[in-house]
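Trainee: May we go through this structure together, one topic at a time?

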Amino acid sequence: MRARRLTPADVVGDGPASLVGAVLVGSIELGGRRLAKGTRLDADTARALASAAEVGQLAGDLRLVWLDADDVHEDEAASRLALAVGGAGVDQRPPKQSLLELVSKWDGVVHVRHAAIAAINLIEPLEVFTLFHGQCVQAGDVVAAVKVVPHVAPADAVRRGVRLA
């Protein structure tokens with residue numbers, strides 16, 4: 001991963017093409033909307049940022065990271081791990097700032113594989129949280145959550161977590 005802090009002048013000088021694919025490390029306001037940290041910049045957003053910087057409407061520096069070939073964005077990493085951790089009885093909610101919740105599809109009892117979860121939680125930067133083994137739940141209850149911190153995770157760490165799940 002490559003990290004860089006860009007001033008508005010840097011954004012103008014480097015041009016929007018240099019921003020495409022980068023991930024915001026801090027939230028910013030752009031044209032009345034909030035871009036959350038963890039947002040991956042697409043071409044349209046990159047052009048909007050460059051335009052805002054050019055006319056003095058970019059309030060501060062951009063803190064960005066660019067993924068290397070062996071990196072995974074936090075939301076993708078959380079989704080992969082949640083798919084492996086969750087069983088047939090759970091659905092994934094969309095990730096919010098790298099936290100992905102797993103919700104029960106039906107009323108039942110939570111089954112937790114303690115050793116697997118403990119082993120996953122030893123892998124930096126992966127975290128899995130669950131309800132207690134044997135706890136009764138209703139359809140729609142959050143039974144577990146997966147979090148990946150920081151904004152980019154090594155692909156190898158994600159693969160190891162998925163294998164353990």
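This is a predicted model: local features need pLDDT of at least 70, side-chain atom pairs count only at pLDDT 80 or more; totals for chains, interfaces and linings use all residues.

Trainee: How many helices and strands does the secondary structure of the chain comprise?

Mentor: The chain has 165 residues, 38% of which count as buried. Its C-alpha trace spans about 60 × 30 × 20 Å along the principal axes. Its secondary structure comes to 5 helices and 13 strands.

Trainee: Among contacts between residues at least 6 apart in sequence, what share joins residues at least 24 apart?

Mentor: One example of such a separation is Leu6 with Asp61, which are 55 residues apart along the chain and have C-alpha atoms separated by 5.3 Å. Across the chain, among contacts between residues at least 6 apart, the share joining residues at least 24 apart is 62%.

Trainee: Is Leu6 buried or exposed?

Mentor: Leu6 is placed in strand E1. Leaving aside residues up to four places away in sequence, Leu6 touches Val11, Asp14, Leu19, Asp61, Leu62, Leu64 and Trp66. Its relative accessibility is 0%, and the limit for burial is under 20%, so Leu6 counts as buried.

Trainee: Which helix holds both Arg47 and Asp44?

Mentor: The side chains of Arg47 and Asp44 meet in a salt bridge, 2.3 Å from N to O. Arg47 is partly exposed with a relative accessible area of 44%, whereas Asp44 counts as exposed at 52%. The two residues are 3 apart, about one turn of the helix, and both lie in helix H2.

Trainee: How far apart are the closest N and O atoms in the salt bridge of Lys105 with Asp91?

Mentor: Lys105 is partly exposed at 39% relative accessibility, and Asp91 is partly exposed with a relative accessible area of 39%. A salt bridge requires the nitrogen and oxygen to lie within 4 Å. In the pair of Lys105 and Asp91, the closest N and O atoms are 3.9 Å apart.

Trainee: Which side chain of opposite charge is nearest to Glu74?

Mentor: Glu74 lies in helix H3 (residues 74-85). Beyond residues up to four places away in sequence, Glu74 touches Lys37, Gly38, Ser98, Val148, Pro150 and His151. Glu74 is buried yet has no salt bridge, since a bridge needs a distance within 4 Å and the nearest side chain of opposite charge is 6.0 Å away. That side chain belongs to Lys147.

Trainee: Over the face of which residue does Arg2 lie?

Mentor: The count of aromatic pairs comes to 0. A charge does sit over a ring, however: Arg2 lies 4.1 Å from the ring centre. The residue whose face Arg2 lies over is Trp66.

Conventions:
Residues are numbered from 1 along each chain as its sequence is written. Side-chain values use heavy atoms; hydrogens and water are left out. Rings of Phe, Tyr and Trp (its six-membered ring) pair if their centres lie within 6.5 Å; planes under 30 degrees apart count as stacked, over 60 as edge-to-face and the rest as tilted. A charge sits over a ring if NZ of Lys or CZ of Arg is within 6 Å of the ring centre and within 35 degrees of the ring normal. Helices (H or I, at least four residues) and strands (E, at least two) are DSSP runs, numbered from the N terminus. Buried means under 20% relative accessible area, exposed over 50%, partly exposed in between (1.4 Å probe, protein chains only). Lys and Arg count as positive and Asp and Glu as negative; His and the chain ends are not counted. Contact means heavy atoms within 4.5 Å.
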